[in-house]
Amino acid sequence: MKIDLTDTTASKINKGLVKARRAIGTPAVGVVLTLVVVTDEENAYDALKAASDASHEHPSRKLVVIKRVSRSPRDRTQSRLDAEVRVGADAGSGETVVLRLYGEVSDHAQSVVLPLLLPDAPVVVWWSVDAPRDPSADPLGALSQRRVTDSYAAEKPVEELRSRAESYQPGDTDLAWARITPWRSMLAAALDQVSTEIVSVEVAGEESNPSVELLAMWLADRLHVHVRRAVSAGPGLTQVRLETTGGPITLHRSDGAMATLALPGQPDRAVALKRRETSELLAEELRRLDPDDTYASALRFGVDRLGGIQSAAERAEAAADQPVPALPVRAVPEATPASAPASASAATSAPASTSASASASAGEGDAERPTPAKMPPVKKQEG
């Protein structure tokens, strides 16, 4: 059931929720938390769908906050709140309120959200795009116990990780961290099967994927070894290679679905490492509301402490920028016109090894060699 409210207030929205529940025959509120989704109009559909799918595991009241951009100066001075109340099959499990804020009220979204929060229920805020630099200091973030961001949606994901490390507070988390949960579980299980010492680690993945950085920082923080960051074509994470005293341990995924785990002295085995949807990542983060100390420790390790490996394109570009070393020049007597074709023919037909040998032995026995002027001319064959 859907109820549209134009130029409304928080009190009218609450009355609309009660009316909609009674209309479908469920007056009781059977939800466990309030999920506040902050997004824009462009990403509203995808964010609402992900929240609705995640609510099948975590029944919740979903408050979708969309800040509309006013096009004219006159509209910016007029505040308006439009709402859409969804209950029943249209809202997943729980109930949904889509809030569209216009004018000055968009700068005070917390005043609209606060009267709609469920009493005695935890609050989780998820910024699907354009997360604040300090989520805990944001007015909406201050209302919540859990703050979920997604550094993958940022314009500069690596810079976003640095900002998250600087402003981290207990309760902050990132969907980029949830994306590597299967990788962390698989690597931990693989290390339990061997008793060798780890020497170094290499993590390969897309260049602008923050999950690759987080996995590398987690391994460096937990194993206390040097971790190199390699660049690959993707998709996402592609390989983790652990060099040990007993041989390499490799977890390689090339298609984004199935991976191959190789352990020293054991046959290779195929493992499932499918890339998950946003709704699955969000549902994972909603399972716990306490601070994630492992994420905090890995995040604070720092991106700048990772060893980098250049991609193939970067190596080619670096090689092109290197100056070409000058070859040693040896004085040669001037050739006569009759001998000039002979010299050109000999230079083009001589193999590379002969030229290298000649240049290497320059200065040794040059007097015994015939000069180009003494060589007989080469006659071209006719026909």
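Here is a friendly note on a few local features of this predicted model.

1. Ground rules. The model is predicted, so local features need pLDDT of at least 70 and side-chain atom pairs count only at pLDDT 80 or more, while totals for chains, interfaces and linings use all residues. Residues are numbered from 1 along each chain as its sequence is written, and side-chain values use heavy atoms, with hydrogens and water left out.

2. Arg-147 and its setting. Arg-147 sits in strand 7, residues 146-149. Strands here are DSSP runs of E with at least two residues, helices are runs of H or I with at least four, and both are numbered from the N terminus. Is Arg-147 buried or exposed? Arg-147 counts as buried because its relative accessibility is 6%; the cut-offs are under 20% relative accessible area for buried and over 50% for exposed, with partly exposed in between (1.4 Å probe, protein chains only).

3. Partners of Arg-147. Leaving aside neighbours within four places in sequence, Arg-147 is in contact (heavy atoms within 4.5 Å) with residues including Val-125, Trp-127, Pro-135 and Gln-169. The C-alpha atoms of Arg-147 and Gln-169 are separated by 9.4 Å, and the two residues are 22 residues apart along the chain.

4. Helix 8 against helix 10. Helix 8 (residues 210-223) packs on helix 10 (residues 293-301) at an angle of about 100°, and the axes are 8 Å apart. That angle makes the two helices roughly perpendicular. For reference, angles under 35 degrees count as roughly parallel, over 145 as roughly antiparallel, 65 to 115 as roughly perpendicular and the rest as oblique. Axes are lines fitted to C-alpha atoms, for helices over the stretch in contact, and angles run from 0 to 180 degrees between N-to-C directions.

5. Who meets whom there. On the helix 8 side, the residues are Leu-214, Met-217, Trp-218, Ala-220 and Asp-221; they meet Thr-294, Tyr-295, Ser-297, Ala-298, Leu-299 and Phe-301 in helix 10. By class, this contact has eight nonpolar, two polar and one charged residues. Ala, Val, Leu, Ile, Met, Phe, Trp, Tyr, Cys and Pro count as nonpolar, Asp, Glu, Lys and Arg as charged, and the others, Gly among them, as polar.

6. Salt bridges. How many salt bridges does the count come to? The count comes to 21, where a salt bridge is a side-chain nitrogen of Lys or Arg within 4 Å of a carboxyl oxygen of Asp or Glu. One of them joins Glu-57 and Arg-287 at 2.7 Å, N to O. This pair links distant parts of the chain, 230 residues apart: Glu-57 is in the loop between helix 2 (44-54) and strand 3 (60-67), and Arg-287 is in the loop between helix 9 (278-286) and helix 10. Glu-57 is partly exposed at 42%, whereas Arg-287, at 51%, counts as exposed.

7. Further charged pairs. Asp-150 and Arg-179 meet in a salt bridge of 3.1 Å, N to O, and the two residues are 29 residues apart. Asp-150 is buried at 13%, while Arg-179 is partly exposed at 24%. Arg-80 and Asp-82 form a salt bridge of 3.0 Å, N to O. Arg-21, Arg-61 and Glu-95 are linked in a network of salt bridges.

8. Two backbone spots to look at. Asp-7 has a positive phi, near 50°, and is found in the loop between strand 1 (2-5) and helix 1 (10-24). Asp-130 has a positive phi too, near 55°. Asp-130 lies in the loop between strand 6 (123-127) and strand 7, and is exposed, with a relative accessible area of 67%.
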